[in-house]
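Please read it alongside the sequence and the structure.

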Amino acid sequence: MSIHIVALGSECPGGVGPGEEIMGQGQLQGGLLWSYLGHGALVGPCDLESSLHNPAFMEYTSRVFGDVTVVVRDCPSWDLLDSDWASVRKVLEQADILVIKYSVTDKLAFQQVRNGYAPRLRPLLRHWGVPVILVAVGARLNDEGPPCTCPLCASDWSSCVPHSEGLQLSRDLGATYLELPSLNHVFVGRYFGSVLEYFMIQCLKHKAKERPEKRRGNKVNELRPPHLEQPARLPPIRVEESSFSQDMQWLLERGVQFADVAFYAGDSGKELGWAHAAVLCAVSPYFRQLLLGPKTRERPQSRCVCRERDGGPHSLLSTWDGGIIDDMPRSDGHLTGRLSRLVVKDPLLCMCLWETLMFIYRGAWEWEHLQEALEEKLKNSLAVAQLMEQIRSLIGRDRGPRDTPSARAAQLGPQTLVNLFNSPLYSDVIFMVQGSVLPAHRAVLVARCDVMAAMFSGKYAEARSRVVPIHGVSSDTFLSFLEYLYTDSCCPASVLQAMAVLVCAEMYQVKRLQHLCEVCVCAYLQSMPSRELASTGISVVRLLRRAKCHNAEQLYVWLLHFIANNYLIFSHKPDFLELSEEEREQVERLRWPSRGYLQELSEYQQRRRKLRKSRCIVM
């Protein structure tokens, strides 16, 4: 075997320019490749004198690894690429390894290579896939002392090539970058030699693989195993887009029945609208401080007036005279609660209270939509900017250097109610599940779940009771169900937990949660390796039965395909017989590997046995 190495460039300052003589044998023996091959070569350069008369490349050979011939073609002058590009390209096409050299003290030559010759070589190197080694030789100069070898030193950037520029050129060429302060045996043998030997070994392995393939291709009558096709792709599970913002908007528009905060104009005392204290406290720390303050029958003038000078959020709202009214009457006979009455003192906020509440209820992150709504109503850019700043301070989101729409959406959005989840803050209903006490908020439940809305709004016992017992569901499962209603996300810990939440979602008719659980079940099963599928105690067939029983149609179809793709595993399990006749026919039709492939494989193995026996008889 032989390895062809092509070297371009000169490691000496100044290089070889046009009209100059090619370096002689003495200079060549001090070069980079000669220094490396001279240490480990068994045979010296071959016909060196005749090669030196060739103006294009200097050629010499050596041996490495005992019996591997290395043919080196060295071109120290870059001008040859302009004068005889055709011959250079022919040599490059035969190269197994390309070495590009330059001196760190010759910045002008480096710039010519980077700006002129590297763009011409880059598409060819990417097309051929030849490994490239970029070598920077020499020590950088330093006027204040000895030569500096630190790659981060900037004292000599005006006259020497910086480390960053060499590294960037290697990235552009897809090359391995090396820096050699000198051409002694340490840097050449250990650093450059180890990298070059690695690529030579990879080249020898690649050439060794090509030989058997050529020999096999000559055998026309050789037996070939049957082709195994890839298993059918599993059907996707489609999940609806989140309706969290629309649900909370519905709560603001039509959930007056569960509202417990009333807004009044500060100048006229006119009623402006209703809201829900749980949502306001979850989004805004100012509402939390204002509504959860100490009960008092006097208007807290001192709490608001003292901060009106700084223009903060406390100058926008205050509590009504009489503060909070407990046990407000309900004409519909539903459970009574406490009513908080707030006075809107700022005229701009009074005019745009509905737009502000809509922004808060939808997650407090749609700033662009809020600004468009305020501009359409106020028709004054200065007033819009002033009100926008007041709303930012109201919800505790001051503008910062990282205040981008994506960052605001990640912080808020569906996560606005995460502080209310399993929290007694403004809780008006308690679920008793297997002895566990789970506090919740009727407003959130009604907005997020239609069954809950019917249960708490109709003439049922749950509408008049603070404690609601839940049967047929474990406490962990129901807690995960509530977590989805508050956070719009679900992360079951196992396949069985995901199936339990799926059953609960089907019970309360929350379709999106049901589909999220289907995705979780599919992800857990698909991540199991074959050995775990064969030994696991989870019955996929029983999961199939439960999916069909609880109207999880997408999961049902997916599990049928999953059983078919892992037919050799599930067909040996006892519960495989529990499949119906129709399901078994579908699995047999989709099974992988197919019956036809197994039959072809059996015939192929029989032929190979007969061929081996016939060879043994001949021998």
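## Aromatic pairs

In this predicted model, a search of the whole structure returns 17 aromatic pairs. One of them joins Tyr-198 and Phe-199: the ring centres are 5.4 Å apart and the planes meet at 70°, so the pair is edge-to-face. An angle over 60 degrees is what places a pair in that class. Tyr-198 is partly exposed, with a relative accessibility of 47%, whereas Phe-199 is buried at 16%.

Tyr-286 and Phe-287 form a pair whose ring centres lie 6.1 Å apart. Their planes stand at 55°, so this pair is classed as tilted. Tyr-286 has a relative accessible area of 5% and is buried; Phe-287, at 2%, counts as buried too.

## Aromatic cluster and charges over rings

Phe-431, Phe-456, Phe-478, Phe-481 and Tyr-508 belong to one aromatic cluster.

Two arginines are placed over aromatic rings. The charged end of Arg-392 lies over the ring of Trp-367, at 4.8 Å from the ring centre. In the case of Arg-448, the charged end sits over the ring of Tyr-484, and the distance to the centre is 5.2 Å.

## Cysteines

How many disulfides does the structure hold? The number is zero. Cys-491 is accordingly in no disulfide, and the nearest cysteine sulfur, which belongs to Cys-490, is 6.6 Å away. For a disulfide to be counted, the two sulfur atoms would have to be within 2.5 Å.

Is Cys-491 buried or exposed? With 71% relative accessibility, Cys-491 counts as exposed. Cys-281, by contrast, is buried, and its relative accessible area is 0%.

## Ser-475 and its surroundings

Ser-475 is part of helix H20, which covers residues 475–487. The relative accessible area of Ser-475 is 15%, so this residue counts as buried. Which residues does Ser-475 touch, not counting those up to four places away in sequence? They are Val-433, Gln-434, Ser-436 and Leu-438.

## Overall make-up of the chain

The chain contains 28 helices and 13 strands. It has 619 residues, of which 45% count as buried. Among the contacts in the chain with a separation of 6 or more, 69% are between residues 24 or more positions apart. The chain exposes about 32,900 Å², and carbon and sulfur atoms supply 52% of that area.

## Confidence of the prediction

The average pLDDT of the chain is 80, and 79% of the residues score at least 70. Two segments may be noted for their scores.

How values were computed:
Residues numbered from 1 in each chain as written. Predicted model: local features only at pLDDT ≥ 70, side-chain atom pairs only at ≥ 80, totals over all residues. Heavy atoms only, no water. Phe/Tyr/Trp six-rings, centres within 6.5 Å; stacked < 30°, edge-to-face > 60°. Buried < 20%, exposed > 50% of the residue type's maximum accessible area, 1.4 Å probe, protein only. Lys NZ or Arg CZ within 6 Å of the ring centre and 35° of its normal. pLDDT = per-residue confidence, 0-100. Helix = DSSP H or I, 4+ residues; strand = E, 2+ residues; numbered from the N terminus. Contact = heavy atoms within 4.5 Å. Areas by Shrake-Rupley, 256 points an atom, 1.4 Å probe, with all protein chains shown as cover.
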